[in-house]
Amino acid sequence: MGKLNVVLLRYLSRDDFRVLVGVEMGMKNHEIVPPSLIASISNLKHGGCNKILRELVKHKLLAYERTKMIQGYRLTNTGYDYLALRTLSSRNVLNSVGNQMGVGKESDIYIVANEEEQQLALKLHRLGRTSFRNLKNKRDYHKHRQKMSWLYLSRLAATKEYAYMKALHDRGFPVPKPADFNRHAVIMELLNGYPLLLYFLDGRSGMPKVMEPSPT
């Protein structure tokens with residue numbers, strides 16, 4: 001586990017994000033987005049857009065792909081992370097990103113903080129990992145669509161999680177308080193606790209207890 005590298009985020013220009021959003025919008029209908037379409041959506045001149053595209057590929061925010069039929073670009077996970085983090089930061093929900101606290105088949109979880117230095121949990125949905133390739137057959141995110149990107153599926157998963165969590169919290173269920181979400185990212189209350197594997201059922205009381213660490 002480590003930190004989410006957000007150092008580059010502060011150095012990206014407005015045009016850089018216009019290009020990232022252009023690729024994101026183009027991926028609604030294209031697996032690989034042609035440079036001409038990106039320039040059109042971003043409302044930038046082709047020469048300037050191509051220069052930005054090369055820089056974003058260099059920093060691994062975009063990936064360049066070429067087939068027999070088409071050549072173009074697609075968003076990477078890092079590029080999608082940056083789009084979500086920038087939006088959440090502009091809403092003053094997110095001010096800093098700390099260490100990773102969890103990783104699973106479907107998500108990465110980080111400790112973050114807002115402007116008041118209150119610690120929160122950031123969950124980045126990562127649908128489409130190798131161990132979860134049959135997700136499209138098991139869930140209804142795709143609504144019978146034949147093709148869609150894993151980034152879009154992650155966005156749908158985050159939207160549903162936030163909606164369900166808010167509904168449960170508003171009705172008094174013991175779930176983390178949701179703070180905000182954008183794209184595939186959900187920010188919620190950070191709760192103190194222990195991993196489930198450290199709990200056991202006490203034979204006398206029938207209540208769950210935390211296993212004490214063994215002496216070294």
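A crossing of two helices is called right-handed if the near helix is turned clockwise from the far one by less than a right angle, and left-handed if it is turned anticlockwise. Keep that in mind as you click around this model, which is a predicted one.

**Stop 1: helix 1 and helix 2**

Select residues 14–26, which is helix 1, and residues 35–42, which is helix 2. Their axes come within 8 Å and cross at roughly 115°. Is the crossing left-handed or right-handed? Helix 1 passes helix 2 in a right-handed crossing.

Now show the side chains where the two touch. On helix 1, pick Arg18, Val19, Gly22, Val23, Met25 and Gly26; on helix 2, the residues they meet are Leu37, Ile38, Ile41 and Ser42. Colour this contact by class and you get 6 nonpolar, 3 polar and 1 charged residues.

**Stop 2: helix 2 and helix 3**

To see the contact, select Pro35, Ser36, Ile38 and Ala39 in helix 2, then His46, Cys49, Asn50 and Leu53 in helix 3. There are 5 nonpolar and 3 polar residues here, and no charged ones.

**Stop 3: helix 1 and helix 3**

The axes of helix 1 and helix 3 are 10 Å apart, at an angle of about 85°, so helix 1 is roughly perpendicular to helix 3.

Which residues meet here? From helix 1 come Asp15, Asp16, Val19, Leu20 and Val23, and from helix 3 come Cys49, Ile52, Leu53 and Leu56. This contact has 7 nonpolar residues, no polar ones and 2 charged ones.

**Stop 4: inside the core**

In soluble globular proteins, nonpolar side chains tend to be buried together. Here, the largest nonpolar core has 22 residues. Select Val19, Leu20, Val23, Ile38, Leu53, Leu56 and Leu75, the ones with the most contacts inside it.

Zoom in on Ile38. Leaving out residues up to four places away in sequence, what does Ile38 touch? Its partners are Val19, Val23, Val33, Cys49, Leu53 and Tyr73.

Methods:
Residues numbered from 1 in each chain as written. Predicted model: local features only at pLDDT ≥ 70, side-chain atom pairs only at ≥ 80, totals over all residues. Heavy atoms only, no water. Axes fitted to C-alpha atoms, helices over the stretch in contact; angles between N-to-C directions. Helix = DSSP H or I, 4+ residues; strand = E, 2+ residues; numbered from the N terminus. Contact = heavy atoms within 4.5 Å. Nonpolar A, V, L, I, M, F, W, Y, C, P; charged D, E, K, R; others polar. Core = buried A, V, L, I, M, F, W, Y, C linked by side-chain atoms within 4.5 Å. Buried < 20%, exposed > 50% of the residue type's maximum accessible area, 1.4 Å probe, protein only. Parallel < 35°, antiparallel > 145°, perpendicular 65-115°, else oblique.
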